[in-house]
Amino acid sequence: MNQFHEDIVKNLERTGIPDPAGASPEQLHAAIAQATLRCLPEWISQNGKRACYLSMEFLPGRLAHSNLLNLGLLDDMAAYLREKGRDIAELDEIPDAALGNGGLGRLAACFLDSAATQGLPLDGFGIRFRYGLFAQTFEDGFQREQPDDWLCAGDPWSVRREEESILVRMRGQTVRAVPYDMPVIGYGGKTVNILRLWEAETEDGLGFETVQTGHDDDGAVINAATDICAVLYPNDQTDEGRRLRLKQEYFLASATVQTLLNRYTAVHGDDISGFADSFALQLNDTHPVLAIPELLRLLIADYALSPEESLSLVRKACAYTNHTVMPEALETWDTELFIGLLPEVYPYVVLLQNALTRDLKRAQALTLRDSLAIVKQGRIHMANMAVFGGHSVNGVAELHTQILKDSLLKDWYTLYPERFQNKTNGITQRRWLRLCNPELSALITERIGERWVTDLDELKKLETYKDDGDTLRLLCEVKRAKKEQLCEVLRLREGFELSPDMMFDIQIKRIHEYKRQLLNALSILDSYWRIKEGSVTDPTPTAYLFGGKSAPGYARAKAIIKFINEVAQMVNEDPAVRDVLRVVFVQDYNVSYAEKLIPAADISEQISPAGTEASGTGNMKLMLNGAVTLGTLDGANVEIVRAAGAENNYIFGLTAAQADALRTGTYHARELYDSDPRLKRAVDALTDGTVRGGREGLYRELYSSLLDGTDWHKPDHYFLLKDFDSYTQTKSQAGRDYRDGLAFARKQLMNIANAGRFSSDRTVREYASGIWRV
């Protein structure tokens, strides 16, 4: 052990490792966290410019293992605990910090890890949600939501900073924002940034604990405050739910902006003109965009800057990351709701609108006024506010950024082309390879050394071994070991027996129509019938694994979950296909479950229609762990295939240009349905009773959306029917290729070797140099 490690061990001894016979994993976790925090180098310094990442979601996963890894202490700690009669694997029982829904939160966590590892000054700002999203279970195939009380096990890595609390004022309510700082430890332990999460309490400091102990004199006031950070994404199908969401967004924006202004003036005094030289605010999607009018308000009202000076300063400080290509997904707020809750902020929204009009006049571009308006038809358009109020707009994959320029934000690109740039997403290899797949990490390090942990481009050296039989056989052994481990996890968590001899085809992501989990399910039905009928005589034994949650109010997505679970039951209960076809939908998919699923995957399902997924990061994690991509040319898939080679992946379906042409032209989904018997039989299973619940109408909306359209979309808007034949053929080819173990392992190795570009280390360096200037 080095001196740092010895100091932590001394602190552990002082804290007192719990009695091996009777202590809980929670007590063990808390002891390790407390001992580690005492020994960390100084947290953030106020010197120099800092970037600030504002995000409604952060999904760091379990912190103990990753912090110990980045400190170089993981193996020593495991050995030390063994001496004490404990197992470091006990920490796996600690729940994830449930502060996000999907890729948005995982991306934010990757960026924080990478920035600290690169020595870049980047801090995260979010909300300390009490219950996060929700804990998912299945009841008779239906998704059920339960509160995800991740704090039940304590939060020993966070430090409450009472002295830095901020008052946030809304109409009829003032709440105290109390910061909880979580260290973000870079690999090697040289840099420690922070993730600051805000918790809402009453103005006089009463919060969750007061409610729970029953010592409150005014429970309604306390609940109104604590509701703000009770749950991520409250249901926005009601007026109260929408109002609560707006409160959350303003709470995050105001508390963060006030803190940054306080930090600046503590160093520089009241001359606020250099604020943008000290802080860069990156707005992760539109949820934190209220930081723009809030900063504008404070500069004018509290620091007496002119509107022109204030807007110039805001623009220099703020930048916006877009995460969607769908117009309907761009956030807007009802003007009356906004004024009713934030009357002091709304005048600055109008100020932004008026400034935009002046810019359009100067540019002789008043014809764009309607499309670019921040306030129009009783709605406030947050993406328009973000583009106008910042100096940079970035997409998160090359294709996505081009779509922003060509269609979604085309008029903005015409007006401000210099603001647009691309920053393809990335993932941290520390968590998504070194930590979750130590077996593969050891093989890679044995072949090329360990520099890849901080320089993922080093993986390119693995191409030297693409035809080396010994390396490919070892790669097969690693994959087999990870599949065996996953099978044990499935047995314990799901009560499901699965053979590691099967090919593992995995689709793990948020449940949404455009993610096309339904297409996957329909193809499984088609395979099932063809195997039963004998038209497929020698199928490759395949296990299809799904994971993901639907938003509680999203009826069609919840129907997709029910349909997949019923298909799974029908297939799994049929002894005729038991040895060749299995289906399982895991419950409560989260970061920690992903760490088990991803290393075991043979096939990575990335099947959204081209031109709908902004980027994706699950595709990168699966690639890094040796899964080949079965997917469309959508999002970052385009760049993955370019890097690893089309011959090492399985691409199908329409291109983005072809999809656009069909949407604007004539496409008759029902004619395609009527002309293809296999497709018709699969689609009819939604309503004809073949799958339980179909005759009762549980999937009627899904059926109608494919053949009749919806109030918002034409029939088959996401091209499930159009891509069905190409998808099933390509999937079958992947299954046939899998039988040649070494040839398939070569494809897997080529994906690993070319994953270097998809490190978030590269991404944050590009943000730092191209946007933040830190």
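# Reading cores, strands and ring contacts

The charged end of Arg315 sits over the ring of Phe388, 4.2 Å from the ring centre.

User: How is a charge over a ring, such as that of Arg315 and Phe388, to be read?

Analyst: The criterion is that NZ of Lys or CZ of Arg is within 6 Å of the ring centre and within 35 degrees of the ring normal. Besides Arg315 over Phe388, Lys621 lies over the face of Trp432, at 4.5 Å from the ring centre. This is a predicted model, in which local features need pLDDT of at least 70 and side-chain atom pairs count only at pLDDT 80 or more, while totals for chains, interfaces and linings use all residues. Residues are numbered from 1 along each chain as its sequence is written, and side-chain values use heavy atoms, with hydrogens and water left out.

User: What is a nonpolar core, and which residues have the most contacts inside the largest one?

Analyst: A nonpolar core is a set of buried Ala, Val, Leu, Ile, Met, Phe, Trp, Tyr and Cys residues joined through side-chain atoms within 4.5 Å. Buried means under 20% relative accessible area, exposed over 50%, and partly exposed in between (1.4 Å probe, protein chains only). The largest core here has 137 residues, and Phe275, Leu281, Phe338 and Trp412 have the most contacts inside it. Helix H8 (residues 239–268) supplies the largest share, 11 residues; helices (H or I, at least four residues) and strands (E, at least two) are DSSP runs numbered from the N terminus. A second, separate core has 65 residues, including Ile403, Tyr554, Leu581 and Phe719.

User: Which residues does Leu281 contact?

Analyst: Contact means heavy atoms within 4.5 Å. Leaving aside neighbours within four places in sequence, the contacts of Leu281 include Cys52, Leu54, Val257, Leu260 and Phe275.

User: Is Lys549 buried or exposed?

Analyst: Lys549 is buried, because its relative accessible area is 9%. The residue is found in the loop between strand S17 (542–547) and helix H22 (555–572). Its side chain makes a polar contact with that of Asp588, at 2.8 Å. A polar contact is a pair of N or O atoms within 3.5 Å; within protein, one must be able to donate a hydrogen and the other to accept it, and residues adjacent in sequence count only if both atoms are side-chain atoms. Not counting residues up to four places away in sequence, Lys549 also touches others, among them Gln136, Gln143 and Arg510.

User: How many bridges join S3 to S4?

Analyst: Two strands pair if DSSP finds at least two bridges between them. Strands S3 (residues 135–139) and S4 (residues 142–146) run antiparallel and are joined by 5 bridges. Phe138 stands opposite Gln143 in S4. The hairpin has 2 residues between the strands, and Asp140 takes a positive phi near 55°.

User: How are aromatic pairs classified, and what is the case for Phe652 and Tyr727?

Analyst: Rings of Phe, Tyr and Trp (its six-membered ring) pair if their centres lie within 6.5 Å; planes under 30 degrees apart count as stacked, over 60 as edge-to-face and the rest as tilted. The structure holds 14 aromatic pairs. The rings of Phe652 and Tyr727 have centres 4.9 Å apart and planes at 45°, so the pair is tilted. This pair links distant parts of the chain, 75 residues apart, with Tyr727 in helix H30 (residues 720–738). Phe652 is buried at 3% relative accessibility, and Tyr727 is buried at 0%. Tyr738 and Phe744 form an edge-to-face pair, 5.2 Å centre to centre with 80° between the planes.
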